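Open the model in your viewer and keep the selection tool at hand.

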Amino acid sequence: MDRMPPWADALLVPLISLVLAAILSALVIIGIGEDPVAAVTLMVKGALGSTYGWGYTLYYATNFIFTGLAVAVAFHARMFNIGGEGQAMLGGLGVALVCLYLPLPHWTVALVAAALGAAAFGAAWAYVPAVLQARRGSHIVITTIMFNFIAAALLNYVLVNLLRPKGAMDPATAKFPEGTHLPTLHDMLAPVGIEFSKAAPANVTLLIALLACLAVWLLIWRTRLGYEIRAFGHSETAARYAGISPVRITVVAMLISGGLAGLMALNTTMGEAERLVLNSVEGAGFIGIAVALMGRSHPLGVLMAAILFGFLYQGGAELALWTNIPRELIVVIQALVILFTGALDNMVRMPLERLFLARRKKEG
Amino acid sequence: MDFITALQVLDSTVRLSTPLLLACLAGLFSERAGIFDIGLEGKMLMAAFFSAAVAFVTGSVWLGMLAGIASSMLLSALHGLASITFRGNQLISGVAINFLAAGMTVLIAQDWFSQGGRTPSLIGQARFEPLTLPFAEALQGVPILGPLYYELISGHTLPVYFAFLCVPATWWILYRTRFGLRLRAVGENPAAVDTAGISVIGLRYAAVAICGLLCGIAGAYLATALQAGFIKDMTAGRGYIALAALIFAKWRPWYALMSCLLFGFLQAIALRYQNIDIGPITLPVQFMDALPYILTVVILAGFVGRAIPPHAGGEPYVKER
């Protein structure tokens, strides 16, 4: 056996990568003449120091859970879905159409209907790249990138020319009707006697996101389909030999992935804005890549990474508000996390592996 | 559309195609050597910022361009380190580089200039001036050809001519030199190159370095010639359009010229006209924006000839033991 123990693979490698990313981020903060310790203190206070901060942290985390799971499911089938951004945009369109044009009596009904709409639109946007990959061999990374741009143009057209109310200036739909407004964490926790900030946007969608984590875990490790997806991801030839259809697995995995990315729109469009605006996704689709890489494509890992990025996002907003550090610091941190946990994974893994092997040789 | 309008659209086509062409050829070198690069966008953006910043501080566009090239090549080295030395995932590395550039440029710009993530406007020697080719003024009176020469061929900045000269140069390097043969071989079958006693790693690093160089010039052109200074996210997806053009051209230099001119033309049209009437239907401007991407998907789908990437593209090379 020339492998590391599983705990080192699952925990130690990502942890070291994360520490490296953190050290570099601190150097960047020092480089622009700010104090990293003060910055982290401010971020912790702003993001976790009040229920208001927590409300935003969890709101962002909800987005990242969905997009992170989307990337993770595709990763299990050894596909890189960069199209979460576009799929989430289309998911927003699905939510908006359901909320605006269906008569919905109560928010519970509205939530189910909108979830179906969001997942269907997101999945549909992933369907074409999936089929092209499965049947024509077009590289899914390139097609999903192209579909992000096409989605942006399409949404722009639909909002400006079709869904914008008469006389309105900004490219956005009308406000959704009262019956579709989702309860926030404030509404949900008040009956239990917990005071939660009224202004924070975290809402019931957070529970849907947690359910999605559980569902993805069940799907990947407890169902036949999940087994087929993992088998396909490990070795396409072996999977083919075992009678698993590559076309079917590619398409199904991408449909699930796109559907999950689309569900993100429940949180932003239905839960927060209560109308569809042009840039509702705000890069969350791309953050899903960092979240899935850091979480090692495991739902529990994705959940924790999503909360970390939720914290970074809200903390970054606080930094931009109170100091001279722009919000783009978060983009840099995100890049470093992707770099270290994704692309430079071997840089950490190779020496660690050697270390473990040397130790084992001594023992044996 | 009258003659002069047509000339103006074509003139702006040339200007808008230039960064696409440089980035597209940059990607061509890298991908022909088997290193996928979706970080073209990030490298251009980084170069755009550093060229504008240094050009502003020193007042010299040439020093600015050098700084831009250096910054772009640094990102290339990072990409090489991740994808060649540590055999990481090239696509993930590219994504990381794009975000790194998007964040760092604004962060540093805010720190240096405090103008909300942009550089001050460049003037005088800090920009590339349009060149007037010989006899352009004198021959302006000649019907058709005179204005054609004056408007379309003359009056561009130096990087524009450089970019167009890069096309035959790239063709020559790839298909007529030993280095080019090896570069193409390393993207198709690195094991064969290794067996011949040539360093796969060295060749791939060379390809990635050329990619950084060309992206650097593309970025410098954006900030110091096409526009006068750096603004946040000024590449605006050009790196991805260049990637699309590369696939459209099926990884060949002369076709890259054609596809970049086509995509540049689409940009020029979208810039000049909001909506286009073609008889009964009106094409919205958003459609024109999306057209390069739609065309690329169609090409990728293999409906108009198949686009087959270099065979070993995206695969790190592991020496057999």
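How many salt bridges does the structure hold over all chains? The structure holds nine, where a salt bridge is a side-chain nitrogen of Lys or Arg within 4 Å of a carboxyl oxygen of Asp or Glu. Side chains of opposite charge can pair when their charged atoms come close.

Before selecting anything, note that this is a predicted model, in which local features need pLDDT of at least 70 and side-chain atom pairs count only at pLDDT 80 or more, while totals for chains, interfaces and linings use all residues. Residues are numbered from 1 along each chain as its sequence is written, chains are lettered from A and ligands numbered from 1 in the order in which they are written, and side-chain values use heavy atoms, with hydrogens and water left out.

**Stop 1: a salt bridge within chain A**

Select A:Asp170 and A:Arg275, a salt bridge whose closest N and O atoms are 3.4 Å apart. The pair links distant parts of the chain, 105 residues apart: A:Asp170 is in the loop between α6 and α7 (185-189) of chain A, and A:Arg275 is in the loop between α11 (246-273) and α12 of chain A. Helices here are DSSP runs (H or I, at least four residues), as are strands (E, at least two), numbered from the N terminus.

**Stop 2: where chain A meets chain B**

Now show both chains. In contact (heavy atoms within 4.5 Å) are 43 residues of chain A and 41 residues of chain B. The buried area, which is the accessible area (1.4 Å probe) that two parts lose on being put together, summed over both, is about 3,600 Å² between these chains, and carbon and sulfur atoms give 80% of that. Select A:Arg136, A:Met146 and A:Phe149: they supply 17% of the area that chain A buries against chain B, more than any other three residues.

Across this interface the rule finds one salt bridge. Select A:Glu328 and B:Lys232 to see a salt bridge with its closest N and O atoms 2.9 Å apart.

Next, colour the helices of chain A. The largest share, 13 residues, comes from α6(A).

**Stop 3: two packed helices**

Select α4 (residues 84-101) of chain A together with α5(A): they pack at an angle of about 145°, with their axes 7 Å apart. Axes are lines fitted to C-alpha atoms, for helices over the stretch in contact, and angles run from 0 to 180 degrees between N-to-C directions. Among the residues that meet are A:Gly91 and A:Leu97 in α4(A), and A:Gly117 and A:Phe121 in α5(A).
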